[in-house]
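Morning, everyone. Please have a look at the model on the screen, and then we will go through it.

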Amino acid sequence: MIDMENVKKLNAIGKLVDNLMLHSLVSHEYESQPRDYGLNRVLGLDVRLYPIEIHLLATINENPGISSQELAVKFFRTKGAISQRIKVLSGYGLVTKSANKENHRISNLYVTETGKMACGFHSRYDAEHHLKYMELLGSFSSDEIETCARIVMSLTRALDADRQ
């Protein structure tokens with residue numbers, strides 16, 4: 001038999017999942033629009049990146065030598081999907097590949113100087129948006145926000161496991 005606390009918890013989980021589904025729909029729309037992260041203005045390059053591409057670039061910048069396989073795991077994508085995005089970033093001159101010394105089937109990825117500039121522009125872009133989010137979430141403590149982040153990641157991992 002389910003007690004009242006568990007009924008309350010199940011209802012709260014239902015609301016959370018419904019809200020995350022709505023967030024996913026809005027986020028999908030947002031993710032489908034390429035953006036100018038500053039390279040057009042500063043370097044005169046006609047570069048518009050999708051959010052996934054700029055986040056891949058930032059992750060490569062933070063983890064020099066990371067492989068496509070490692071990125072695929074981190075971003076819950078297939079290796080093929082990541083490889084397509086890396087090809088775009090390479091085509092813009094933002095990323096270079098180098099054969100892994102121990103396993104030549106693996107390429108290690110590195111950000112170019114232009115890619116590092118793009119990462120800097122993206123950091124400023126994110127900082128502006130995070131300030132907006134801070135205003136929206138100002139009534140929540142940092143502990144509550146961190147708890148929410150852990151919950152969302154737990155649900156993301158569960159959804160990814162169901163997908164596989």
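What separates Lys-116 and Glu-113 in helix H6? About one helical turn, because the two are 3 residues apart in that helix.

A word on the source before I go on. This is a predicted model: local features need pLDDT of at least 70, side-chain atom pairs count only at pLDDT 80 or more, and totals for chains, interfaces and linings use all residues. Residues are numbered from 1 along each chain as its sequence is written, and side-chain values use heavy atoms, with hydrogens and water left out.

Back to that pair. The side chains of Lys-116 and Glu-113 form a salt bridge, at 3.6 Å from N to O. By salt bridge I mean a side-chain nitrogen of Lys or Arg within 4 Å of a carboxyl oxygen of Asp or Glu. Helices are DSSP runs of H or I with at least four residues, strands are runs of E with at least two, and both are numbered from the N terminus. Lys-116 is partly exposed, at 40% relative accessible area. Glu-113 is exposed, at 59%. The cut-offs: buried is under 20% relative accessible area, exposed is over 50%, and partly exposed is in between, with a 1.4 Å probe and protein chains only.

How many salt bridges does the rule give? The count is 2. Glu-53 pairs with Arg-85, with the closest N and O atoms 3.1 Å apart. This pair links distant parts of the chain: Glu-53 sits in helix H3, Arg-85 in helix H5, 32 residues apart. Glu-53 is buried, at 3% relative accessibility. Arg-85 is partly exposed, at 29%.

Now the inside. The largest nonpolar core has 23 residues. Such a core is a set of buried Ala, Val, Leu, Ile, Met, Phe, Trp, Tyr and Cys residues joined through side-chain atoms within 4.5 Å. Among those with the most contacts inside it are Leu-57, Ile-60 and Leu-71. H3 gives the most to this core, with 5 residues.

Take Ile-60. Leaving out residues up to four places away in sequence, Ile-60 touches Ile-66, Leu-71, Ile-86, Val-95, Leu-109, Tyr-110 and Val-111. Contact here is heavy atoms within 4.5 Å.

Last, the surface. Which residues form a nonpolar patch there? Tyr-133, Leu-136, Leu-137, Phe-140 and Ile-145 do. Ile-145 lies in helix H7, residues 142-163, and is partly exposed at 38%.

Note on methods. Patch = residues over 30% accessible without salt bridge, like charges linked within 9 Å, V, L, I, M, F, W, Y side chains within 5 Å. Areas by Shrake-Rupley, 256 points an atom, 1.4 Å probe, with all protein chains shown as cover.
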